[in-house]
Every structure is written in C-alpha cells, then in structure tokens.
Amino acid sequence: MKIVIAPDSFKESLSAEAAARAIARGVQEAWPAAQTVCIPMADGGEGTVSAVLAAAGGELRHSPAHNALGEPITAHWGALTDGAAIIEMAAAAGLDQIPEARRDALAADTHGVGEVLRAALDAGARRLILGLGGSATTDGGSGMLRALGARFLDAQGQALPRGGAALAHLAEIDLSGLDPRLAEVTFEVACDVDNPLCGPQGAAHVFGPQKGASPAQVEQLDAALARFADVARHKLGHDAREHPGAGAAGGLGFAAHAFLAARFRPGVELVAELGRLDAAIEGAALVFTGEGRMDAQTLRGKTPAGVARIAQARGVPVIALAGSLGAGYQELHAHGITAAFSLCPGPVTLADALDHADSYLADRARDVTQLWLAAGRRRL
C-alpha cells in the first residue's frame with residue numbers, strides 16, 4: 001500500500017525534505033510494509049529550490065551576485081535535469097539577508113536577481129522558473145532588468161541610481177542592450193499573491209512597511225512605481241500595472257510580466273508539476289502534507305491546500321501535520337484535508353518545538369498511521 005508524503009518546510013526547523021523523511025519514519029514505525037513516496041513541496045518562496053531538486057532531481061548551483069543593498073554574496077539556484085533553471089528571488093534580494101537596522105526600502109534593488117538569471121542563461125537554461133516572495137525590495141524589478149542589460153535614464157539621459165525611489169525621476173527605458181537570449185526562453189513565475197503594482201493594495205502600501213518603509217516612504221515608493229509604469233506603458237505599448245501579481249516581490253512581478261512576458265502560476269502548482277506529485281498520488285491509499293502553521297490563510301495558495309486539491313481529485317484522503325493550528329484551520333476540511341493535527345505533545349516553548357520538530361513529526365505520523373490502520377484493518 002502506497003502512502004505519499006508531500007510537506008512544505010517547517011520554517012526555522014526542518015526543510016521540506018527533512019520533514020518528509022521524518023513523516024516517512026513515523027509511518028514505517030507503525031507499518032513497516034508501507035511503500036512511502038516522498039515528494040518535498042514548496043509554494044514558490046524560501047525552500048523552493050531545495051524542495052524541487054529533492055523531488056525532481058538536478059544540481060544545486062552557486063553564482064556570485066549582490067544582495068538588495070549591493071553587497072557581494074553567493075546565491076544558489078537549481079539546474080534541473082530537463083534543462084530548466086529554478087530560482088528563488090529571495091536568494092539574491094531577500095529580506096532575511098538584511099539585518100533590520102540596515103534595511104533601506106528606498107535604495108534596495110533586485111540587481112542580484114538579474115545576475116542569477118544571467119548565470120542560468122550562461123549555463124544553457126532555456127526555461128526559467130522564478131519564485132517570488134520574501135523580498136527586501138520595492139523597485140518594480142528595475143534592478144533585475146538592469147542586470148539583464150536594460151538602462152533606466154533620467155531627463156538628462158543619465159543612468160538612475162539603484163532602488164525604487166529613483167524611479168520617480170525616470171524619463172526613458174533603453175532596452176537595446178537587453179540580453180537577446182531572453183527572447184528565446186520560456187519564463188515562468190511562481191506567485192501566490194494577486195496584488196497590483198500601485199495603489200492601496202499595491203507593492204509599496206501592502207509590503208513596504210515590513211521592508212522598513214515609513215508611511216512617507218510608502219507614498220514616495222508608490223508614486224515612483226506609478227512613474228515606472230507610465231514610462232513602461234509608453235515604451236511597450238501596454239500597461240501591466242494592474243496585472244494580478246504585478247505587486248509581488250516589491251513589483252518584480254510587474255517587470256516579469258511587462259518586459260519578460262512571464263507566465264504566472266501558483267507556486268504550489270509549479271512545484272507539484274516539477275515533482276510529478278499527481279502521478280505519485282495515483283493509486284495511493286493516503287497522503288500526508290504539512291507546514292509550520294495552518295490556519296484560514298493556508299487556503300490562499302499554501303502547500304497543504306494545493307496538495308489537498310490534487311489528492312481530492314484522485315479521491316485520496318489527506319492528513320495534515322502542522323507545528324500549530326490557528327484560527328479557521330477547520331475551513332480546510334471542505335477543501336480536501338481529511339484531518340489536521342498539531343505536532344506538540346503538550347504545552348512547550350517555541351524553542352523546544354523547533355528543536356524537537358523532527359521527533360514530534362515522526363511521532364504524530366506514527367500515531368495517525370496506527371489509527372488509520374486500526375480503522376481500516378478489515379479492508380486491508
């Protein structure tokens with residue numbers, strides 16, 4: 001009997017691959033004869049590259065780049081066996097890379113993301129998959145485009161400084177130096193938000209404060225992004241500012257759609273496709289999934305909801321294991337999650353929960369499997 005194990009990472013404690021191994025260990029403690037199939041998952045954000053490589057195969061690559069403040073770093077990305085490249089924008093321009101005291105919402109840019117994309121092109125990739133999320137930037141993706149050969153000029157024909165605030169002075173976008181290989185590749189974006197570029201629901205207003213932007217800086221950045229969209233519309237002949245996901249990753253979604261003709265897809269859908277999750281679930285008796293916290297927000301593109309949707313289409317029950325269950329998690333029951341369980345055996349500190357996540361996960365998987373076996377023993 002086959003049991004498919006498809007969790008996301010448990011943030012700050014276990015990668016998706018480690019979580020899958022822990023669940024598999026618990027299942028096999030209860031049922032040594034079970035065939036466990038591990039498909040580590042992600043939703044396009046942090047951990048997506050490692051999850052896809054673990055599930056689909058490929059090679060982890062490292063390339064020199066610059067972080068959101070222009071400091072030299074080494075960024076990772078994945079070269080898949082079919083010639084595609086998968087990249088997390090946060091590996092080059094992530095908020096977690098910048099200490100809170102040094103965050104600069106006005107100057108942070110996505111130049112490093114473009115550097116990693118260029119490295120993938122140099123390696124021969126002809127399908128680029130970019131995961132959005134966790135950015136330190138609000139530059140509309142202009143830094144990424146600059147690294148790929150575009151130029152952003154003011155009214156005097158001078159190159160603009162880096163960062164989103166400088167876009168307020170944008171007069172011309174020169175695409176003559178844009179890497180010609182971009183016209184020959186398939187570009188896909190893993191994106192789980194539908195925010196537009198500008199306005200109350202846009203990149204600056206919704207995400208700017210967590211990147212260190214003051215209320216005044218939020219307004220400044222929103223106006224600068226609107227200027228970028230105006231000049232881009234004049235240059236390209238179409239307006240992408242309202243495209244769902246244009247505001248993702250500080251407006252990087254806007255640049256990907258407007259200038260790179262990217263196809264936007266839910267992150268969990270892309271990862272499931274790359275890991276061949278649907279084929280794995282075919283013929284399975286049970287599916288395990290999970291993440292660090294599950295609540296009503298899990299329905300908005302998170303891994304457990306995506307896994308449940310695929311399993312539900314196959315008529316396979318799904319058990320979700322989570323570090324904690326928050327308000328509204330019960331809504332998941334109507335969307336393919338048969339039952340959900342918290343890992344912790346009782347009141348514990350956060351530090352204890354993080355330190356013992358592996359054993360807690362295995363224990364809970366073992367107990368659930370034993371219950372499932374007892375309930376269905378007659379038909380087995």
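Biologist: In this predicted model, is arginine 276 buried or exposed?
Modeller: Arginine 276 sits in the loop between H9 and helix H10 (277–281). Its relative accessible area is 56%. The cut-off for exposed is over 50%. Arginine 276 is therefore exposed.

Biologist: Which loop holds alanine 261, and what is its phi?
Modeller: Alanine 261 is in the loop between H8 and strand E10 (263–265). Alanine 261 is not a glycine, yet its phi is positive. That phi is about 50 degrees.

Biologist: Is alanine 261 buried or exposed?
Modeller: Its relative accessible area is 65%. Exposed means over 50%. So alanine 261 is exposed.

Biologist: How many of the 8 residues of helix H9 are buried?
Modeller: Helix H9 spans residues 267–274. Its buried residues are Gly267, Val268, Leu270, Val271, Ala272 and Leu274. H9 is therefore largely enclosed by the rest of the structure. The count is 6 of the 8.

Biologist: Against which elements do the buried residues of H2 pack?
Modeller: Helix H2 covers residues 48–56. Its buried residues are Thr48, Val49, Ala51, Val52, Leu53 and Ala56. They pack against H1, strand E3 (58–66), strand E4 (72–80), strand E5 (84–88) and H9.

Biologist: Which residue follows H2, and what is its phi?
Modeller: The residue after H2 is glycine 57. Its phi is positive, near 90 degrees.

Biologist: Is alanine 85 buried or exposed?
Modeller: Alanine 85 is placed in strand E5. It touches Trp77, Gly78, Ala120, Ala125, Arg127, Leu128 and Ile129, leaving aside residues up to four places away in sequence. Its relative accessible area is 0%, so alanine 85 is buried.

Biologist: What separates the C-alpha atoms of alanine 85 and glycine 164?
Modeller: Along the chain, alanine 85 and glycine 164 are 79 residues apart.

Biologist: How are helices H1 and H13 oriented to each other?
Modeller: Helix H1 covers residues 16–30 and helix H13 residues 357–376. They pack at about 40 degrees, with axes 7 Å apart. Angles under 35 degrees would count as roughly parallel. H1 and H13 are therefore oblique.

Biologist: How do the residues of the contact of H1 with H13 divide by class?
Modeller: H1 contributes Ala18, Ala19, Ala22, Ile23, Arg25, Gly26, Val27, Glu29 and Ala30. H13 contributes Asp358, Ser359, Leu361, Ala362, Ala365, Arg366, Thr369, Gln370 and Leu373. The division is 10 nonpolar, 4 polar and 4 charged.

Biologist: What is the handedness of the crossing where H1 passes H13?
Modeller: H1 passes H13 in a crossing that is right-handed.

Biologist: How are H7 and H8 oriented to each other?
Modeller: Their packing angle is about 10 degrees, with the axes 11 Å apart. Angles under 35 degrees count as roughly parallel. H7 and H8 are therefore roughly parallel.

Biologist: Which class of residue makes the contact of H7 with H8?
Modeller: H7 supplies Phe228, Ala229, Ala232 and Leu236. H8 supplies Phe254, Ala258 and Phe259. The contact has no polar and no charged residues; its 7 are nonpolar.

Biologist: How many aromatic pairs does the whole structure hold, and what geometry has the pair of phenylalanine 228 and phenylalanine 254?
Modeller: The search finds 5 aromatic pairs. In this one, the ring centres are 5.2 Å apart and the planes stand at 75 degrees, so the pair is edge-to-face.

Biologist: How far apart in sequence are the parts that this pair ties together?
Modeller: Phenylalanine 228 lies in helix H7 (residues 215–236), and phenylalanine 254 in helix H8 (residues 248–260). Both phenylalanines are buried. The pair therefore ties together parts 26 residues apart.

Biologist: Which residues form the aromatic cluster?
Modeller: The rings of phenylalanine 254 and phenylalanine 259 have centres 6.5 Å apart and planes at 80 degrees, so they are edge-to-face. Both of these residues are buried. The cluster consists of Phe152, Phe228, Phe254 and Phe259.

Biologist: Which residues does valine 37 touch?
Modeller: Valine 37 lies in strand E2 (residues 35–38). Residues up to four places away in sequence are not counted. Valine 37 touches Lys2, Ile3, Val4, Ile5 and Ala280.

Definitions and conventions. Residues numbered from 1 in each chain as written. Predicted model: local features only at pLDDT ≥ 70, side-chain atom pairs only at ≥ 80, totals over all residues. Heavy atoms only, no water. Axes fitted to C-alpha atoms, helices over the stretch in contact; angles between N-to-C directions. Helix = DSSP H or I, 4+ residues; strand = E, 2+ residues; numbered from the N terminus. Parallel < 35°, antiparallel > 145°, perpendicular 65-115°, else oblique. Left-handed = near helix turned anticlockwise from the far one by under 90°. Contact = heavy atoms within 4.5 Å. Nonpolar A, V, L, I, M, F, W, Y, C, P; charged D, E, K, R; others polar. Phe/Tyr/Trp six-rings, centres within 6.5 Å; stacked < 30°, edge-to-face > 60°. Buried < 20%, exposed > 50% of the residue type's maximum accessible area, 1.4 Å probe, protein only.
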